Amino acid sequence: MTLQFDQIRLPPECDRLRDEVRAFIAEEAAAGTFNPNRPWEVESQDRAFSRKVGAKGWIGMTWPKKYGGHERNFLERFVVTEEFRVANAPVRLHFVADRQSGPILLKYAPEHIKQDILPRICRGELCFVIGMSEPGSGSDLFAAKAKATKVNSGWRINGSKIWTSNAHIADYMLGLFRTSASTKENRRHGLTQFLVDMKSPGITVNPIFNMTGQHDFNEVVFDDVLVPDDHVLGEIDGAWKQATSELAYERSGPERFLETYYVLGELVRALGPEPDLRSAEGLGRLVAQLHTLRRMSISVAGMLQAGKEPVVEASIVKDLGTIWEQKLPERARELSAFLEPEASNRVTLDEQIAFAFKVAPKLTIQGGTTEILRGIIARGLGLR
Amino acid sequence: MVTESDSIVAETAARIFADLADPQTINNARDTDWKTALWGATAEAGLPLAWVPEALGGAGASLADGFAILGQAGRFALPVPLAETLLAGWLLAQAGIDAPKGMMTVAPVRPNEAIEINGSGRLNGRARAVPFGREAEHIAVVASDGKSSAVALVAAADCRLDDGHNLAGEPSSDLVLADVQPRKLAAAPSSVDRHTLLVMGGTIRSVQIAGALEAILALCVAYANERVAFERPIGKFQAVQQNLARLAGETAAALAVSGSAADAIAQAGEIDDAIFLEVASAKIRCAEAVAEGSAIAHQVFGAIGFTQEHVLHRFTLRMLSWRDDFGNESQWAAKLGKDIARRGADEFWPLVASR
């Protein structure tokens, strides 16, 4: 295969949009909605903020207007995503719906469900979660056991999902459930994607605190949960066919390398205008790596906009990007080692590095582990 | 936006290289007849002077086309001074000097080296590791009198050039200019000085590195699919797959960032501060990709790839060596880091986001 990265430049309309987003962020930060310097304080359940973002037209930006979308392009969405990410803005409530749940519904949901749900996502009213991992299976997606059984009135779901971010505040889950046994020829057969209303009777959400001390993860237990027939998304038993082309959207965005960006911004502040040679060189390398990742990510966004399917390139962006953002606190720690303790923002930098160290381990696990990504890349290369 | 597939001249280059610069054929050759044939064909196709306007005796190709040619040259680990001659022709053209025929190179190619020009237009100074210095007939030199820069065309015969070599065994000479009278001399436009040469040269080396990485990725994948160990092709082992995926990642990074820098220069037309981030990033990140990528490639090929007979070293040693030309990654990184620090934290993200 040939790796391809078209040289995409953000069009001029992105500059105006970026100014608007920055002005909005500055206003909100000044009003005390969130503190960009303290990412550990960001609340995932900031419904008011998501509604404001929705009102600005920055959710569902690329979707059709008839579903509440704004028919703007992927590069404009890229700008909004990166500006919010760099500012540590509290967008987690609507982000999954905007990035992946909405596009899946657009493609596979029946018309009346699209008309009902998509406009509410665009208004910032809905939180979506992804139901894939289970207590006995994570990366091995196709080992999922939680079951959906056909009944007269729809489907009955039993089993559990785990590591479900935001399930405790979620309105809907897009989950994979077993509708048939896998076959000898195709072990990926037998899973179906469902839209599940999290308010359905029979759902229990149990909190799991992660090692940062935050409540993000949950276990979701399904006990005879009834899901109507029109909530089946796509082909019964054939969810695996739907998975691959969507991965490019999920894997290549700026959130895949900017998760710990704040330590780099703060490091520049701490180093001051005349860093020593060692710090200057280290900083220069980090900037070069960041610029490279960003140009790769923009290229993938542009190729998606042009209707291409850069699946391997997108997986590469996530592989390189998550490893980079994971190592970033380590590099910031090294490069700030010899700074004078009284450097004015030293306390902020140290607090940020400490938080980033706690967040770092998840970055190469969530949304497809490094090992899984490299398997996908190897397949793209023709090795499997 | 010009991609390589759009470039007819790059396709022509690829055809010529496939016919006359096959790395295995050259590796096996016992004499240097291939070099005459290869250089003759590239010259006939107008490739060495692609960046020279027709009025000055060149092919008048665009900057984008020239970079596309150099990507192809990287894929073949092309062992003739095509990149150097292209760059020399471009430099001469900036000052309106006609390009001579034959192989050329440029100087100085290391940061912190300067050639002086005195009141009577004679050149003095020293430049280390001038690529293909001993093979080139002419050297395009950027010189300065302390106030402004000039471009000089110097005959190699008028200079002292030692017979050094780079890692890949290609000529790489320390050049001494002792009161040398240039064959031609003209004032450089204000946008061109010795740093401009590093910017253009750094981008060129980055583009070549990306091409060479693409080639070794293809070689490695093909070999991993055919070499059998423990009764399976080694490419079926997850450990090997993971390594090759990393090689693909490094190749992708090099392609994207070098392509971005080349595109930035091609769009800008003139070298200015705005594209410094692009070029510095390309040279730094491509050099990092070389270190990682060549180690993985050699690991995949095992002992076979460590032999003189195998072509792998033609790529890996050249890439490793290209890192040092026109500023190594440490030098670029220190410069970029200082620049970022001077601008300050509030200007940092806006700068990154501007590209």
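Figure 1. Among contacts in chain A between residues at least 6 apart in sequence, 75% link residues at least 24 apart; two residues are in contact if their C-beta atoms, placed from the backbone, lie within 7 Å. This is a predicted model, in which local features need pLDDT of at least 70 and side-chain atom pairs count only at pLDDT 80 or more, while totals for chains, interfaces and linings use all residues. Residues are numbered from 1 along each chain as its sequence is written, and chains are lettered from A and ligands numbered from 1 in the order in which they are written. Chain A has 11 helices and eight strands, where helices (H or I, at least four residues) and strands (E, at least two) are DSSP runs numbered from the N terminus. Its radius of gyration is 21 Å, close to the 21 Å that the globule rule gives for 384 residues, so chain A is as compact as a globular protein of that length. That radius is taken over C-alpha atoms, and the globule rule is 2.2 Å times the number of residues to the power 0.38.

**Figure 2. The fold of chain B.** Here you can find 11 helices and 10 strands in chain B. With a radius of gyration of 20 Å, close to the 20 Å from the globule rule for 355 residues, chain B is therefore as compact as a globular protein of that length. The C-alpha atoms of chain B fill a box of roughly 75 × 60 × 35 Å along the principal axes.

**Figure 3. Where chain A meets chain B.** In this view, 44 residues of chain A are in contact with 45 residues of chain B. On the chain A side, α7 (261-271), α8 (277-305), α9 (311-335) and α11 (370-381) each supply at least two residues. The most come from α8(A), with 18 residues.

**Figure 4. Helices α5 and α6 of chain B, packed together.** The axes of α5(B) (residues 82-94) and α6(B) (residues 194-226) come within 11 Å and cross at roughly 150 degrees; axes are lines fitted to C-alpha atoms, for helices over the stretch in contact, and angles run from 0 to 180 degrees between N-to-C directions. The two helices are therefore roughly antiparallel (angles over 145 degrees). To follow the contact, look for A83(B), L87(B), W90(B) and L91(B) in α5(B), which meet L197(B), M200(B), G201(B), I204(B) and Q208(B) in α6(B).

Technical notes: Angles under 35 degrees count as roughly parallel, over 145 as roughly antiparallel, 65 to 115 as roughly perpendicular and the rest as oblique.
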